[in-house]
Amino acid sequence: MNSMNELLTRITQIPGQCGGRPCIRGMRIRVSDILEMLAENVTISEILEDFPDLELEDIQACLLFAARRTGFVRLTA
């Protein structure tokens, strides 16, 4: 299993590509596009089928990236 920091290395921001918005591994697939598909109940398998260059870890990286960007204090038990 990948560590969380390793997952985040899959998210890239390249000036001039997709308006500098976060993408997956330098491809023109934006993190926001994946998150919106998940919010619209598109399954992970459907996303992977529609985007053959994506891997499960890319989707996990998008979710982790979004979680880290919320900026809320993380509660621990």
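1. Salt bridges. The count comes to four salt bridges. The model is a predicted one. Salt bridges that share partners join Arg 10, Arg 25, Glu 55 and Asp 58 into one network.

2. Arg 10 and Glu 55. Their side chains form a salt bridge, 3.1 Å from N to O. The pair links distant parts of the chain, 45 residues apart. Glu 55 sits in the loop between α3 (44-50) and α4 (56-69). Arg 10 sits in the loop between α1 (4-8) and β1 (11-12). Arg 10 is buried because its relative accessible area, 16%, falls under 20%. Glu 55 is partly exposed, at 34%.

3. Arg 10 and Asp 58. This salt bridge has an N to O distance of 2.6 Å. Asp 58 lies in helix α4 and Arg 10 in the loop between α1 and β1, so the pair ties together parts 48 residues apart in sequence. Asp 58 is buried, with a relative accessible area of 0%.

4. Arg 25. Its place is the loop between β2 (23-24) and α2 (31-39). Arg 25 is partly exposed, with 34% relative accessible area. A polar contact of 2.8 Å joins its side chain to that of Asp 58. Leaving aside residues up to four places away in sequence, Arg 25 touches Arg 10, Thr 12, Asp 53, Leu 54, Glu 55 and Asp 58. Leu 54 is 29 residues from Arg 25 in sequence, with 9.1 Å between the C-alpha atoms.

5. Arg 30 and Asp 33. Their side chains meet in a salt bridge, 2.8 Å from N to O. Arg 30 is partly exposed, at 25% relative accessible area. Asp 33 is also partly exposed, at 24%.

Key
Residues numbered from 1 in each chain as written. Predicted model: local features only at pLDDT ≥ 70, side-chain atom pairs only at ≥ 80, totals over all residues. Heavy atoms only, no water. Helix = DSSP H or I, 4+ residues; strand = E, 2+ residues; numbered from the N terminus. Buried < 20%, exposed > 50% of the residue type's maximum accessible area, 1.4 Å probe, protein only. Contact = heavy atoms within 4.5 Å. Polar contact = N/O pair within 3.5 Å; in protein donor to acceptor, adjacent residues only side chain to side chain.
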